[in-house]
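Hi everyone, thanks for making time.

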Amino acid sequence: MRFRTSLLFLGFISTLSLVASDTLPSNEVWALTSFKEAIYEDPYAVLSNWNTLDSDPCFWFGIECTMAQDHVIKLNISESLLKGFLAPELGQITFLQELILHGNNLIGIIPKELGVLESLKELDLGMNRLSGPIPPEIGNLTQVVSINLQSNGLTGRLPPELGNLRYLQELRLDRNKLQGPIPAGVSSDFASNMYASNENITGFCLSSQLKVADFSYNFLVGTIPKCLEYLPRLSFQGNCLQSNELNQRPSMQCAGASPAKSQPVVNQNHQPAEYVPKHHGAPKPAWLLALEIVAGTMVGSLFLVAVLAAFQRCNKKSSIIIPWKKSASQKDHIYIDPDVLKDVRSYSRQELEVACEDFSNIIGSSPDSVVYKGTMKGGPEIAVISLCIKEEYWTGYLELYFQREVADLARLNHENTGKLLGYCRESTPFTRMLVYEYASNGTLHDYLHYEEGCQFSWTRRMKIAIGIARGLTYLQSEVEPPFTISELNSSAVYLTEEFSPKLVDFESWKTILERSEKNSSGSLGSQGAVCVLPNSLEARHLDIKGNIYAFGVLLLELISGRPPYCRNKGYLVDWAKDYLEKPEVMSQLVDPELKHFRYDDLKVICEVITLCINPDTTSCPSMRELCSMLESRIDTSISVELKSSSLAWAELELLS
């Protein structure tokens with residue numbers, strides 16, 4: 001009878017606990033929401049049901065909870081091309097056992113906060129674009145069995161604290177930029193006695209469970225620790241190790257690798273598990289007595305659990321609706337990658353203010369930015385683009401994204417792309433600016449539609465078309481990873497003093513602003529002015545094929561002198577389709593103000609336009625092929641028009 005009563009109590013308490021735990025702790029919901037907030041590109045919309053207002057986080061894609069649905073134990077979103085950062089708040093999911101984000105485009109550093117996930121058994125961040133060092137705090141993951149950080153851009157030395165991971169069986173660190181020696185922790189003579197000493201020693205020689213490890217294709221130096229010689233030799237290839245039997249990097253690539261250190265690295269905070277004293281208690285009581293004791297304890301806790309359940313239900317909405325509204329102190333915990341902008345020049349607001357005449361020399365503006373012209377003291381003319389956003393809407397994740405955008409723009413170096421000279425980032429007053437090399441003749445859009453566009457001869461237009469094609473070829477084929485212009489149109493083409501085109505991606509600001517708009521409920525503004533984002537009826541071209549389509553529209557605009565869209569006449573592409581493939585009427589595409597053009601060039605241009613705007617994108621040639629068509633079949637020498645065009649003579653005089 002007593003046994004049946006105990007079972008009834010256990011069943012009742014189990015049912016009650018399931019009901020009482022139907023919502024996650026607010027800190028775990030906040031951590032998941034912070035993770036989503038740090039993702040700024042989700043091409044497969046895998047996070048589309050991560051909506052705290054409409055659904056239980058335990059049913060979100062990639063999330064798995066305990067049976068009682070009171071804690072998150074698994075976050076698995078792989079091969080989804082997510083682009084963003086690892087939120088440090090993930091460390092708040094204290095019961096997490098699996099963190100698997102393999103095969104995405106995550107950037108930034110690995111937060112040290114992941115080191116507090118003491119229940120974590122699998123950490124897989126492989127095949128991303130993470131940078132910076134492996135945080136030593138990873139050595140605190142005492143339950144971890146598998147770590148995969150392969151194919152990233154991780155730098156620095158291997159933390160010897162990884163030797164603390166006594167249950168670690170699989171470690172994949174291949175294809176990174178790791179340097180220094182492989183920390184063994186003990187010498188070969190000392191290895192046999194390492195459990196007989198009370199010294200606190202770290203290193204891989206203490207990881208007796210390690211079965212699979214891959215250190216290949218890094219910049220590791222020194223020798224292979226004797227305790228790891230059982231691993232396949234392929235696990236160490238492509239490094240800078242002292243071994244004749246391994247396929248290592250050429251000595252030239254290893255010139256900057258850090259030398260190995262002979263002495264072991266000691267961690268004073270590590271206490272080997274073998275020396276934890278064991279507790280010996282009294283013999284176990286009979287199982288029936290134990291069951292009755294447990295049942296009695298649960299009965300005593302019954303009313304307390306019921307009260308907690310009621311409070312959880314009452315507070316469920318409030319704990320889920322606003323977990324992402326961080327305080328200022330929480331923002332400070334978001335990592336800023338110190339290495340991203342180390343090679344990009346930083347300007348102070350004061351020196352830009354002086355260069356731009358107290359920011360009075362405005363040469364352009366849009367709802368989201370203002371463009372100033374300036375002249376640096378003893379330096380070049382510059383164009384300064386200032387982002388229009390209030391500080392209150394600027395989060396740590398937007399700051400990381402801003403830095404990544406600056407670094408992305410700074411790597412561009414081609415005669416037909418705008419040159420980013422640096423950036424400005426200050427807090428008082430809040431400032432985020434880009435500094436570009438100035439193009440003295442403004443934009444192609446201004447010349448075609450506001451200036452006297454008819455003064456552009458056919459040869460000059462062909463040179464501009466080929467220059468744009470060369471710039472796009474560079475961005476799509478010679479830059480790794482490829483770079484696309486956010487909104488490729490005539491306003492993104494700036495002209496130098498010699499009318500050479502330069503592609504400038506000023507519209508990349510909009511991505512930042514849209515991120516801010518999604519995470520705020522107010523208007524965006526700066527210095528009290530309201531900035532309203534334009535509507536998104538016209539989709540931005542974020543991929544290579546989108547840029548190729550936009551290039552076709554841009555060519556059409558260049559030869560016709562018409563804007564891509566006119567309220568009275570509709571879309572330029574729709575109008576041009578009647579002429580592009582009909583030789584007898586093809587000449588009607590040409591700007592009527594342009595008296596001289598070469599028909600053979602026009603046929604080439606129309607052929608390229610047709611290929612670019614073809615709805616079947618699978619048959620579209622690459623930008624390199626399109627550029628080759630223009631370069632090989634269009635004659636841009638001024639001598640072709642000298643006899644028939646007085647405008648060409650005038651241009652030649654201007655260029656001399």
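Predicted model: local features only at pLDDT ≥ 70, side-chain atom pairs only at ≥ 80, totals over all residues.

Residues are numbered from 1 along each chain as its sequence is written, and side-chain values use heavy atoms, with hydrogens and water left out.

When I say helix (H or I, at least four residues) or strand (E, at least two), I mean a DSSP run, numbered from the N terminus. Strands count as paired if DSSP finds at least two bridges between them.

Strand 12 is joined to strand 14, residues 219–222, by three bridges, and Gln179 sits opposite Phe219 of strand 14.

The other sheet is open too, with six strands ordered 16-20-21-19-18-17 and mixed pairing. Its edges are strand 16 (345–346) and strand 17 (362–366), each pairing on one side only. Helix 7, residues 396–410, packs on this sheet and touches strand 20 (420–426) and strand 21; by contact I mean heavy atoms within 4.5 Å. The helix 7 direction makes about 165 degrees with that of strand 20. Inside the sheet, strand 19 (381–387) and strand 21 (431–437) run antiparallel, joined by five bridges, and Val384 has Val435 as its bridge partner in strand 21.

Now the helices. Axes are lines fitted to C-alpha atoms, for helices over the stretch in contact, and angles run from 0 to 180 degrees between N-to-C directions.

So how do helix 9 and helix 14 pack? Helix 9 (458–478) and helix 14 (623–633) meet at about 155 degrees, axes 8 Å apart. That makes helix 9 roughly antiparallel to helix 14, the word for angles over 145. Residues in this contact include Ala465 and Leu472 of helix 9 and Cys627 of helix 14.

Helix 13, residues 599–612, also packs against helix 14: their axes come within 10 Å and cross at roughly 175 degrees. That makes helix 13 roughly antiparallel to helix 14 as well. Among the residues meeting there are Val604 and Leu611 from helix 13, and Leu626 and Met629 from helix 14.

That's the tour, thanks!

Key: Parallel < 35°, antiparallel > 145°, perpendicular 65-115°, else oblique.
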